[in-house]
Amino acid sequence: MTPVLEVKNLSTHFMTRRGVLKAVDDVSFTVGEREIVGLVGESGSGKSITGFSILGLVDPPGRVVSGQILFNGEDLLTKSPTAMRAIRGKRIAMIFQDPMMTLNPVLSVATQMIETVQAHDRVSRAEARARSRDALGLVGIPSPEERLDSYPHQFSGGMRQRVAIAIALLHRPDLIIADEPTTALDVTIQSQILFEIKRLAAEFGMALIWISHDLGVVAALADRIMVMYAGRIVEAGQVDGVLTAPRHPYTSGLLSAVPAAVPRGEPLRPIPGFAPSPLSRPSGCAFRDRCARATDLCATEPMLEIAAGREFRCFHPHLWSAA
Amino acid sequence: MTVFVIRRFLQSIAVLIVTAVIVFIGIYAIGDPAEMLIAPDASPAERAQVVASLGLDKPLWEQFFTFAWNALHGDLGRSFVFNRPSIALIFERLPATLELTLTGLVFALVLGIPLGLVSGLKPNSPTDEVIMTGSIFGFSLPSFWQGMMLIMIFSVWLGWLPSTGRGQMGEFLGIRSSLFTLDGLTHLILPAINLSLFKLSLVIRLTRTGVRETMPLDFVKFARAKGVSERRIVFVHVFKNILIPLITVIGLELGSMLAFAVVTETIFAWPGIGKLLIDSIMRLDRPVVVAYLLVIVSLFIFINFVVDVLYSLVDPRVRLGGAQ
């Protein structure tokens, strides 16, 4: 199976006045056809910037400084801005975190959808409108024909996110990058949206990168999971394996901080300390200051180890009898 | 909407009444117009006759109610100086001011919006620095000084443009204006620039700030993620959002340009209402001053009303009222 997306040694740095901020640091991963990959990590771990790097939407002073992003075998980093524009929205689409902010408040939904159709396909307005209406129907918006002429403020948060998903679906892309699309929604709406996206991805054979800090959501949705910490992927593997038998201490720390993982009545076990400032990351393993298993060895950079379909960066991984 | 219009109308009437009272009393307090109008060597009998004919012998409240009663019938009094209806004097000169103001406004917008966009899209670039520095001059150099410099450079030294008067007027669709002849246009250029320089700076800065505030918003990034062209993002997505503050300020400024064209009109001897106002204040020609202010206040009210209507056209949140 050829991968849809192959990211090789991607580094995205922000040249700030106070120094170089390594938001994404030597990240490599692949996304297969029809595969759903969860990218988890805490705020500032670089997961959103990874998504924006793929689309070429990193704002200055940020810049992709090295690596390759192969999309269907073609390196996106060598493409001209015009060529990238033709790919964005057409072959790779993105859904954002806050549906209250992603739609332009002064343009009607129809305008914002039709422009997406016409940005890539030379079709008439009527045709573009029909396609927009169908897409709205597809994501479960009732009476799409009338809703097309509404403005974003006339929709609820969940409905706006459905509109954003409909926009992402307009061109049946090969890959959708979803940047915490359910974080800003309440829990009941969250599960509806999750279900819809999973259904639509399967129906249209789309690959999906699901960026989230919610392990529960990723567990329910993804085939594979990648855990990011301080700009690097520290562990990656099949969802079941990573969540039941984590190798990296950070992954196990995340898991034991989830309320459901701890028996009722017992206090949650947060990971001690804070994530290091991205401007002054320690050399070697960035997690070592917070890690109970750390030794002097951790001051040197751990290499990526690959064992039984699992990748991790750690000198002292958890050992599980099954692994 | 109907309720809104009616409420607005009632408010406007209240504002007009208050303005009339204040101006009436104010001018009365400044001095006696009879002193200005009557020759010093006139006999007391002649004097009394003139005062009586102008109605100046009556107490202030009676003068006011006579004025108000006549005003309700569309008569804002006769000028003491010209002995003609004051409203006619004003409407005779209003077109000159409107022509000057509108030209100035168009100039400020046509130049200001593109410059602001360029500045906002490339912040801290050399182009931006130049535009921003220029706008500081526009803001801080006093209007009368700018006017005199314009005359010195373009009329005196270079001799390219005339410095006084309205020039020849042409007629188009029954409107007489300097805009319709070449000579008129050359007369219009300098005063229009003078009047618009401050507004130009304002429009540049407003546009720049708007661009800077709107560009980092999520919907702009989302539009990029959709593959929409950068041109469409700037001219549709961003521009439509900037229009909201721009319309507010321009609406207010248009009124103040009309009212304060006085300085420019004085420098360039432009025969507009501003100059009429100054002359009338000097001669304590109360009917003209009161009529002028009532006309200006009415214009302000009208402009504000237009702005509110424009709002609802630009911003759907205003039109449809709140979220569902």
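**Figure 1. The contact between chain B and chain A in a predicted model.** The contact draws on 22 residues of chain B and 26 residues of chain A, two residues being in contact if their C-beta atoms, placed from the backbone, lie within 7 Å. On the side of chain B that touches chain A, the elements giving two or more residues are helix 9 (218-225), helix 10 (230-259) and helix 14 (316-320) of chain B, and helix 9 of chain B supplies the largest share, 6 residues. Helices (H or I, at least four residues) and strands (E, at least two) are DSSP runs numbered from the N terminus. By class, this side of chain B has 9 nonpolar, 5 polar and 8 charged residues, where Ala, Val, Leu, Ile, Met, Phe, Trp, Tyr, Cys and Pro count as nonpolar, Asp, Glu, Lys and Arg as charged, and the others, Gly among them, as polar. The model is predicted, so that local features need pLDDT of at least 70 and side-chain atom pairs count only at pLDDT 80 or more, whereas totals for chains, interfaces and linings use all residues. Residues are numbered from 1 along each chain as its sequence is written, while chains are lettered from A and ligands numbered from 1 in the order in which they are written.

**Figure 2. The largest nonpolar core and A:Ile209.** Among the 152 residues of the largest nonpolar core, those touching the most other members are A:Leu175, A:Ile209, A:Trp210 and B:Tyr292. Such a core is a set of buried Ala, Val, Leu, Ile, Met, Phe, Trp, Tyr and Cys residues joined through C-beta atoms within 7 Å; a residue is buried if 20 or more other C-beta atoms lie within 10 Å of its own, exposed if 12 or fewer, and partly exposed in between. Not counting residues up to four places away in sequence, A:Ile209 touches A:Val31, A:Val37, A:Leu39, A:Gly51, A:Leu175, A:Ile177 and A:Ala178.

**Figure 3. Helix 5 of chain A and its buried face.** Helix 5 (residues 125-138) of chain A has 14 residues, and its buried residues are A:Ala128, A:Ser132, A:Arg133, A:Ala135 and A:Leu136. Seen down the axis of helix 5 of chain A, these buried residues fall within an arc of 160 degrees, so they line one face of the helix; the arc is that of the directions from the helix axis to the C-beta atoms. They pack against helix 4 (109-120), helix 6 (144-147) and helix 7 (157-169) of chain A. Just after helix 5 of chain A, A:Gly140 takes a positive phi of about 85 degrees.

**Figure 4. The surroundings of A:Phe312.** A:Phe312, which lies in strand 12 (residues 310-312) of chain A, counts as buried because it has 24 C-beta neighbours inside 10 Å. Its C-alpha atom is separated by 7.8 Å from that of A:Ile233, 79 residues apart along the chain. Leaving aside neighbours within four places in sequence, the contacts of A:Phe312 include A:Val234, A:Glu235, A:Arg247 and A:His248.

**Figure 5. Backbone details in chain A.** A cis peptide bond, with omega of about 5 degrees, joins A:Pro60 and A:Pro61, and A:Pro61 is found in the loop between helix 1 (47-55) and strand 4 (62-71) of chain A. A:Asn9, in strand 1 (residues 3-16) of chain A, has a positive phi near 50 degrees and counts as exposed, with 11 C-beta neighbours inside 10 Å.

Methods. The expected span of a helix is 1.5 Å times one less than its number of residues.
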